[in-house]
Amino acid sequence: VEPALELTKVVPGEALLCEPIPVEFVVTNTGTGATENVQIVDTLPAGLQTADGKDKIVLDAGTLAAGESRRFSVKLRATKTGVYVNKAVASSATGLRAESQATLTNVRQPILAVTKSGPTRQYLGRSVAYEITVLNKGDGPAQNTIVEDIIPPGVVSIEATTGAQFSTSKLVWELGTLEPNMSKTVRVSYTPTKDGDVVATASASAYCAE
């Protein structure tokens, strides 16, 4: 008899930094006769870890009969963005050895920047208009991007660009997905009812973005 090992490893080509990265291993005895104490070892590159913080995956497949396969699923997490390339090795007690093809995963992250611009002075009784721009300056898509603008107290005649939703004391825009280096601008205006400082604050958020 002549047992032989074959190992395949499947990972996603892209992932976001906040997401777990699923990895699947399949080890197969493609020869004749059983082979014992089959083990899969995957030494992870720097920046990639198992869910419990280890830098190596070790999986025991036990004894594989001729033609038998074992499948394993593992979730990894990245501690930083970057491209991760590596391969896994399967071995047995009798010295059999098989390597998987090298796999590549590009881990990215959206990074949002938001600016709000408007006049620093205005006459009482006239409206004050602002532009709010959100930019994705990261390398990953900013999914479910939302802009929120806090409405200051003591203002009337609130107007905003299409799509704005009123929610208690703020305006909310749902902007969808911003690809890297993509920006969107919304506008809002209101009329103060008394003199003094009007403090206007806006914020932006998206899936997997700070």
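Reader: Where does C208 lie?

Author: C208 lies in the segment after β19. Keep in mind that this is a predicted model. The backbone of C208 has a positive phi of about 75°, although C208 is not a glycine.

Reader: Is C208 buried or exposed?

Author: Buried means under 20% relative accessible area. C208 has 14% relative accessibility, so C208 counts as buried.

Reader: Which residue does a disulfide join to C208?

Author: To find a disulfide, look for two cysteine sulfur atoms within 2.5 Å. Here C18 is joined to C208, with an S to S distance of 2.3 Å. By that rule the count comes to 1 disulfide. The link of C18 and C208 is left-handed, with -135° about the S-S bond.

Reader: Which parts of the chain does the pair link?

Author: Distant parts, 190 residues apart. C18 sits in the loop between β2 (14-16) and β3 (21-29), while C208 is in the segment after β19 (201-207). The accessibility of C18 is 43%, so C18 is partly exposed.

Reader: Where does N181 lie, and what is its phi?

Author: Look in the loop between β17 (170-178) and β18 (183-192) for N181. N181 has a positive phi of about 65° and is not a glycine. The cut-off for exposed is over 50% relative accessible area. N181 has 65%, so N181 is exposed.

Reader: Which residues does V27 touch, not counting residues up to four places away in sequence?

Author: V27 touches L5, E6, L7, V38, I40, A61, L64, E68, S69, R70, F72 and A90.

Reader: How do I look for empty space?

Author: Rolling a probe the size of a water molecule over the atoms shows where empty space is left. This structure holds 1 cavity of 30 Å³ or more. The largest cavity has about 70 Å³ of space.

Reader: Which residues line the largest cavity?

Author: Its lining is made of K9, V11, I21, V23, D42, L44, L48, L76, Y84, N86, T103 and T105. By class, the lining divides into 7 nonpolar, 3 polar and 2 charged residues. Three elements each supply at least two lining residues: β3, β8 (82-86) and β11 (103-108).

Reader: L48 is in that lining. Where does L48 lie?

Author: L48 lies in strand β5 (residues 48-50). L48 has a relative accessible area of 8%, so L48 is buried. Leave aside neighbours within four places in sequence, and L48 is in contact with I21, K54, L76, R77, A78 and Y84. Now compare sequence with space. L48 and G82 are 34 residues apart in sequence, and their C-alpha atoms are 9.9 Å apart.

Reader: What about pockets? How many residues line the largest pocket?

Author: The largest pocket is lined by 14 residues. T120, R121, Q122, G196 and V198 are the closest to its centre. The pocket holds about 310 Å³ of space. Its lining has 7 nonpolar, 3 polar and 4 charged residues.

Reader: Let me try P192. In which strand is P192 found?

Author: P192 is found in strand β18. P192 has 12% relative accessibility, so P192 counts as buried. Apart from neighbours within four places in sequence, the contacts of P192 are L124, G125, R126, V128, G154, V155 and V198.

Notes:
Residues numbered from 1 in each chain as written. Predicted model: local features only at pLDDT ≥ 70, side-chain atom pairs only at ≥ 80, totals over all residues. Heavy atoms only, no water. Helix = DSSP H or I, 4+ residues; strand = E, 2+ residues; numbered from the N terminus. Buried < 20%, exposed > 50% of the residue type's maximum accessible area, 1.4 Å probe, protein only. 1 Å grid on protein atoms, 1.4 Å probe; cavity = no way out; pocket = protein on both sides within 12 Å on 5 of 7 lines; lining within 4 Å. Points joined across faces, edges and corners; volume = space filled by probe spheres on them. Nonpolar A, V, L, I, M, F, W, Y, C, P; charged D, E, K, R; others polar. Contact = heavy atoms within 4.5 Å.
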